Amino acid sequence: MPAIKQFQVTFDCAEPARVARFWCEVLGYVTTPPKGFATWEEYEDSRPPEDRGSWSACTDPSGAGPRLYFQRVPEGKAVKNRVHLDVRVGTGLVGEERLAALTAESERLTALGAVQVQVLYDGHDSCIPMLDIEGNEFCVD
């Protein structure tokens, strides 16, 4: 069996471009227009009106992280995600130092429109479950 070299994470959402911009800010990713187009606007203008805004994508400029793909779907989010992203900002930290790093990142993401759900802290380890701008769960870890 061949080894998988790449994968992307796909988000169902109502506003793909808006959600892509949010995740670009969270992760330091960038949006690049589809091949053959200088800008996303040029690409969107080339499509039939009913298809415009139906998807967006962003990538890690270093090439290390997976591509994120956002596709418009008609239904809203109804139940808890079975898969979620962990935004890793506290790797190697413990206790109050870890909690402070996670709290600072949570505050930055809240300013972008995310919602903090709770703070999990046992005196040593911590995690902050959050929701993105369309209610998809993720954790600041």
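How many bridges join strand β7 to β8, and do the two run parallel or antiparallel? Keep in mind as we look that this is a predicted model. Strand β7, residues 126–131, is joined to β8 by 4 bridges, and the pair runs antiparallel. Along this pairing, leucine 131 sits opposite glutamate 137 of β8. The hairpin that β7 and β8 form has 5 residues between the strands, and there glycine 135 adopts a positive phi near 90°.

Let's stay with β8 and turn to another of its partners. Strand β4, residues 85–87, is linked to β8 by 3 bridges, and here the strands run parallel. Strand β8 itself spans residues 137–140 and is covered on both faces. Glu137 and Cys139 lie on one side, Phe138 and Val140 on the other, and all of them are buried.

Now for another sheet. Strands in a sheet pair through backbone hydrogen bonds, in either a parallel or an antiparallel way. Here 3 strands make an open sheet in the order β1-β3-β2, with mixed pairing. Because β1 (8–13) and β2 (55–58) stand at the edges with a single partner strand each, one side of each has no neighbour in the sheet. From one strand to the next, the twist averages 20°.

Within this sheet, β1 and strand β3 (residues 67–72) run parallel and are joined by 6 bridges. Threonine 10 is found opposite tyrosine 69 of β3. Finally, helix α1, residues 16–27, lies across β1, β2 and β3, and runs at about 155° to β3.

How values were computed:
Residues numbered from 1 in each chain as written. Predicted model: local features only at pLDDT ≥ 70, side-chain atom pairs only at ≥ 80, totals over all residues. Heavy atoms only, no water. Buried < 20%, exposed > 50% of the residue type's maximum accessible area, 1.4 Å probe, protein only. Pairing = 2+ DSSP bridges. Axes fitted to C-alpha atoms, helices over the stretch in contact; angles between N-to-C directions. Contact = heavy atoms within 4.5 Å.
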